[in-house]
Amino acid sequence: MASPAETPPYVTFISTTSYTVVGTLVFDGKKGNGPNATAGLEQCGWSPSTGKFYINLPEVDGSGTGIAPGAIAVINPKNMKVEKLFPIPLEDCAHPQGMAIGPNDQILEGCNAAGPNGSRNTVVVSAKNGSILAVLQDLGGADEVWFNEGDGHYIIPSCNTACRTIPGQFVITGPEVLGIVDANTLQRDQTVFVANQDPTVTSPAPPPNPRTIHGAAGDPNNKQIILPIPAVGGTAPHFNSSLCDMRGTGITVVPPMATVSTATGCIAILSATLNNDTSSVAHERGKNSHQE
């Protein structure tokens, strides 16, 4: 369990048999501790293949602004120490935040910030040596990400640089999307529209970092995706339209909120209508399901 807002940040290990605290690991760069995590800690995971814990450090030895390269800390659960550090190149993935443990010793990283070239990407790295396996260009700006072992796909709530650009004259903007990536090919299978910024909003002014979605979850049994879309903007929604409006006339809400569903939010349930993938990822994942 991570405590990212503490000074310094640390993780706590809790026994799954006694349900008691069995240890802590501080990330301050001092001898015997973890690296100096100068922008807190983010999403973590455990790999049944390697038997290790992994946790995202958005920035290592930086100024706390998130513009220094981040890394993945590999933690040995037996001695509760960092045994490896996988640096993440800043140009590939700035501010690694989301983490999804995939098949074939893959770790998908949701990268929240823009790199030196202005792009927000998502990367897939090796859980064994930290090498970059794939860079999903401009499919970034993600918070939490997900791997659905039922269909072998990663789910990425993406609001890239164009999506975060405030609408105006002579600027390029883009929609917020949900990226569906095949874990076998490491290529995007589908892009699902989530929301567009509302160019008519003048008051209150759109935030400098607009977004609506922060996470998604996939059901491995029925292959559905659960996507919470929060309310934004009150009577002047900064995102309009969104998936919440995809029921024709929208959802009527009571005053003083505007009668648009973007002001109330919703939970969207997504389901693939047809899946012709021949990927064997789901089958390969089976060998990792034995966690004894």
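How much space lies in the largest pocket? About 420 Å³. The legends below refer to a predicted model, in which local features need pLDDT of at least 70, side-chain atom pairs count only at pLDDT 80 or more, and totals for chains, interfaces and linings use all residues. Residues are numbered from 1 along each chain as its sequence is written, and side-chain values use heavy atoms, with hydrogens and water left out.

**View 1. Lining of the largest pocket.** The largest pocket holds about 420 Å³ of space, and 18 residues line it, with T12, F13, I14, F53 and P77 the closest to its centre. A pocket is an open set of points on a 1 Å grid over the protein atoms alone, where a 1.4 Å probe fits and protein lies on both sides within 12 Å along at least five of seven lines; lining residues have an atom within 4 Å of a point. Grid points are joined across faces, edges and corners, and the volume is the space filled by probe spheres set on the points. Strands β2 (10-14), β4 (44-46) and β5 (53-57) each supply at least two lining residues, and β2 gives the most, with 4. Strands are DSSP runs (E, at least two residues), numbered from the N terminus. By residue class, the lining has 14 nonpolar residues, 4 polar and no charged. Here Ala, Val, Leu, Ile, Met, Phe, Trp, Tyr, Cys and Pro count as nonpolar, Asp, Glu, Lys and Arg as charged, and the others, Gly among them, as polar.

**View 2. Aromatic pairs.** The structure holds 2 aromatic pairs. Rings of Phe, Tyr and Trp (its six-membered ring) pair if their centres lie within 6.5 Å; planes under 30 degrees apart count as stacked, over 60 as edge-to-face and the rest as tilted. The ring centres of F13 and F53 are 6.2 Å apart and the planes meet at 50°, so this pair is tilted. F13 belongs to strand β2 and F53 to strand β5, so the pair ties together parts 40 residues apart in sequence. F13 is buried at 10% relative accessible area, whereas F53 is partly exposed at 31%. Buried means under 20% relative accessible area, exposed over 50% and partly exposed in between (1.4 Å probe, protein chains only). F147 and Y154 form a tilted pair, 5.1 Å centre to centre with 55° between the planes. F147 is buried at 11%, and Y154 is buried at 0%.

**View 3. Surroundings of E59.** E59 sits in the loop between β5 and β6 (70-76) and is buried, with a relative accessible area of 0%. Polar atoms of its side chain lie 3.2 Å from the backbone nitrogen of S63 and 3.5 Å from that of A68.

View 4. Most residues other than glycine have a negative phi, and most peptide bonds are trans. The bond from T7 to P8 is cis, with omega near -5°; P8 is in the loop between β1 (2-3) and β2. D138, in the loop between β11 (132-136) and β12 (146-148), has a positive phi near 60° and is partly exposed at 36% relative accessible area. K223 has a positive phi of about 65° although it is not a glycine. K223 lies in the loop between β16 (217-218) and β17 (225-229) and is partly exposed at 33% relative accessibility.

Terms used
Polar contact = N/O pair within 3.5 Å; in protein donor to acceptor, adjacent residues only side chain to side chain.
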